[in-house]
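Dear colleague,

Please find below the structure that I am handing over to you. My notes on what was found in it follow directly after.

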Amino acid sequence: MPAAQIKTKIITNRRLKANYWHLEFESGLIARSARPGQFVNIRVNDLLEPLLRRPLSIHGVKGARVKVIYEVLGKGTQALSQRKSGEFLDIIGPLGNGFDYPSAAKSKGKYILVAGGMGVAPLLFLAEKLKTLKPLVLIGARAKELIICTPEFKALGAEIKLATDDGSAGFNGRVTQLLEIELKQTRAAVIFACGPHPMLKAAAQIAASSQLPAQLSLEAHMACGIGACLGCVVSTKDGYKSVCKDGPVFSGQDLIW
Ligand SMILES: Cc1cc2nc3c(=O)[nH]c(=O)nc-3n(C[C@H](O)[C@H](O)[C@H](O)COP(=O)(O)OP(=O)(O)OC[C@H]3O[C@@H](n4cnc5c(N)ncnc54)[C@H](O)[C@@H]3O)c2cc1C
Ligand code: FES
């Protein structure tokens, strides 16, 4: 189904912890057609500033409700965090291609989900779809207090392992280092990852050296959000591709870093 532009009431918009927020709105149209890895483009207020919509991954759907989680970083997400239940938001979605999880694995083995920071956002929705496969979820963050969504992944029966840069929880180091360790002891079938660019680059290299398919959800600065302005292009073996329309999910082996 093509993306819809809707004006909808905020059901809830609350702080989770630290700078992390949870937003829920109602849209049967978006909820019914959303796939993990797709995103919505949100006009955070009715003012001229900020003019551009902000892209946020679909974190989950329940009935007609759509959930997103976001980190307050700059003026767009700051303005979004000020919005209250009952107020209206202008949203376009679902956008982008999403993860190709039904045909992702070429061989039998574990589905491994690797999240860096806010990268958990689309991966929880994906874990829900992969529930029966009991995926292994590796979550990395700078410190323990910045790790989110572990109860939700556990509730889906996923196995979870943590990595923190300061060693305050789980493996002391990068989540991609933890991935390398896990691959030595686990028969993996496919890797799905979302997080900061350097983390995705490392995940792509690790997947390639293990001859595993990898699907990576990229973040890019966006303007139009529909493939028209070329503001979000990345270089692939097939030429330039837009993150908003051709992505945000790309095969690790297709990207040129
Ligand atoms: C497909 C897609 C899905 C996304 N999903 C989520 C999500 O689920 N949750 C979430 O918190 N964020 C997500 N992001 C990132 C989010 O869109 C940006 O953090 C947000 O637009 C920042 O807006 P701002 O006005 O608050 O910050 P700005 O004032 O625009 O920038 C503040 C800081 O954030 C950095 N930044 C801004 N935009 C991006 C971006 N797109 N990627 C990386 N760094 C950026 C800037 O370089 C700057 O350092 C997603 C991005 C994309 C492209
Ligand atoms: S934001 Fe315009 S092409 Fe992607």
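Three elements each supply at least two residues of the shell around ligand 1: β4 (54-57), β6 (65-71) and α2 (75-81). Helices (H or I, at least four residues) and strands (E, at least two) are DSSP runs, numbered from the N terminus. The largest share of that shell, four residues, comes from β4.

Please note that this is a predicted model, in which local features need pLDDT of at least 70 and side-chain atom pairs count only at pLDDT 80 or more, while totals for chains, interfaces and linings use all residues. Residues are numbered from 1 along each chain as its sequence is written, chains are lettered from A and ligands numbered from 1 in the order in which they are written, and side-chain values use heavy atoms, with hydrogens and water left out.

In total, 20 residues surround ligand 1, a residue being counted if one of its heavy atoms lies within 4 Å of the molecule. The closest are Arg54, Pro55, Glu71, Gly76 and Thr77. By type, the shell divides into eleven nonpolar, five polar and four charged residues; here Ala, Val, Leu, Ile, Met, Phe, Trp, Tyr, Cys and Pro count as nonpolar, Asp, Glu, Lys and Arg as charged, and the others, Gly among them, as polar. Domain 1 (4-95) and domain 2 (110-254) each contribute at least three residues to the shell, with bounds taken from an automatic or database domain assignment.

The polar contacts (pairs of N or O atoms within 3.5 Å) include the following:

- A backbone N or O atom of glutamate 71 lies 2.8 Å from an oxygen atom of ligand 1.
- For isoleucine 69, a backbone N or O atom is 3.0 Å from a nitrogen atom of the ligand.
- Histidine 221 places a polar side-chain atom 3.4 Å from a nitrogen atom of the ligand.

On its own, ligand 1 has 860 Å² of accessible area, of which the protein covers 76% (Shrake-Rupley method, 1.4 Å probe).

A cis peptide bond joins glutamate 49 and proline 50, with omega about -5°; proline 50 lies in the loop between β3 (39-43) and β4. Another cis peptide bond joins glycine 93 and proline 94, with omega about -10°, and proline 94 belongs to strand β7 (residues 88-95). Cysteine 149, in the loop between β9 (136-141) and α4 (150-155), has a positive phi near 75° although the residue is not glycine.

Yours sincerely

Technical notes:
Polar contact = N/O pair within 3.5 Å; in protein donor to acceptor, adjacent residues only side chain to side chain.
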